[in-house]
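This report covers aromatic pairs, helix packing and overall layout. The sequence and model are shown first.

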Amino acid sequence: MEYSHSDAELIEQPIGYWAWAAYKAVVTRIRGALAEKGTTQPQWWVLAQVARADRIKTRAEVSETLSGYLDAGEAVLAEEIDATVAHGWITEDAEGRLSLTPAGKDFFDEVALLQRELWAERHAGVSDEEYLTTLKVLQCFIHNTGGHAWHH
């Protein structure tokens, strides 16, 4: 890979810009690939929360877990949960418990494979050690600036 600047110049580059540019590139690629499958990134998050859960979760529990994801918020998540129900991927009972349908399981498996492919694409040429260091450095920046971030 050819880098944008020499090492001496890179050390002077703003982290905010590069973190934003990485975010934009990654999220745009993921959302474009998901759109080709007929879903959105928040719908994928909902499906993953329901499909991977070790117990049945309620709408409120799923919303609480996901509400901080890319500033999705409660209103967006309510719409996206409704959309997963409308697609027939998830059912919701009278108590708000969410369950995967057989069609939802098939769709989840299909999109999970796509997500693994996208992961491999993003990580090409990046060792596990480099990735771990990157996440730790980003978390230090967040901590050092008084921010807060959490991912399940």
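Which residues form one aromatic cluster? Y17, W18 and W20 do.

## Basis of the values

This is a predicted model, in which local features need pLDDT of at least 70 and side-chain atom pairs count only at pLDDT 80 or more, while totals for chains, interfaces and linings use all residues. Residues are numbered from 1 along each chain as its sequence is written, and side-chain values use heavy atoms, leaving out hydrogens and water.

## Overall layout

The protein has seven helices and three strands; these are DSSP runs numbered from the N terminus, helices being H or I with at least four residues and strands E with at least two. From the N terminus on, the order is α-α-α-β-α-α-β-β-α-α. The C-alpha trace spans about 60 × 30 × 25 Å along its principal axes.

Of the 152 residues, 28% are buried (buried is under 20% relative accessible area, exposed over 50%, partly exposed in between, with a 1.4 Å probe and protein chains only). Among contacts with a separation of 6 or more, 55% come from residues 24 or more positions apart; contact means heavy atoms within 4.5 Å.

## Aromatic pairs

A search of the whole structure finds six aromatic pairs. Rings of Phe, Tyr and Trp (its six-membered ring) pair if their centres lie within 6.5 Å, and planes under 30 degrees apart count as stacked, over 60 as edge-to-face and the rest as tilted. One of the pairs is Y17 with W18, edge-to-face at 4.9 Å centre to centre and 85° between the planes. Y17 has a relative accessible area of 42% and is therefore partly exposed; W18, at 33%, is also partly exposed.

W119 and Y131 have ring centres 5.5 Å apart and planes at 75°, so this pair is edge-to-face. The pair links distant parts of the chain, with W119 in helix α6 (residues 102–123) and Y131 in helix α7, twelve residues apart. W119 is partly exposed because its relative accessibility is 42%, and Y131 is partly exposed at 29%.

## Packing of helix α3

Helix α3 (residues 41–51) packs against α6 at an angle of about 115°, with the axes 11 Å apart. Axes are lines fitted to C-alpha atoms, for helices over the stretch in contact, and angles run from 0 to 180 degrees between N-to-C directions. α3 and α6 are therefore roughly perpendicular; the classes are roughly parallel under 35 degrees, roughly antiparallel over 145, roughly perpendicular from 65 to 115, and oblique for the rest. Their crossing is left-handed (the near helix is turned anticlockwise from the far one by less than a right angle; clockwise is right-handed). W44, L47, A48 and A51 of α3 meet F107, F108, V111, A112 and Q115 of α6. This contact of α3 with α6 holds eight nonpolar, one polar and no charged residues, where Ala, Val, Leu, Ile, Met, Phe, Trp, Tyr, Cys and Pro count as nonpolar, Asp, Glu, Lys and Arg as charged, and the others, Gly among them, as polar.

α3 also packs with helix α4 (residues 59–66), at an angle of about 120° and with the axes 10 Å apart, which means α3 is oblique to α4. Here the crossing is right-handed. The contact is made by W45, V46, Q49 and V50 of α3 and V62, T65 and L66 of α4. By class, the contact of α3 with α4 has five nonpolar, two polar and no charged residues.

## Residue C140

C140 lies in helix α7 (residues 128–144). Its relative accessibility is 44%, so C140 counts as partly exposed.
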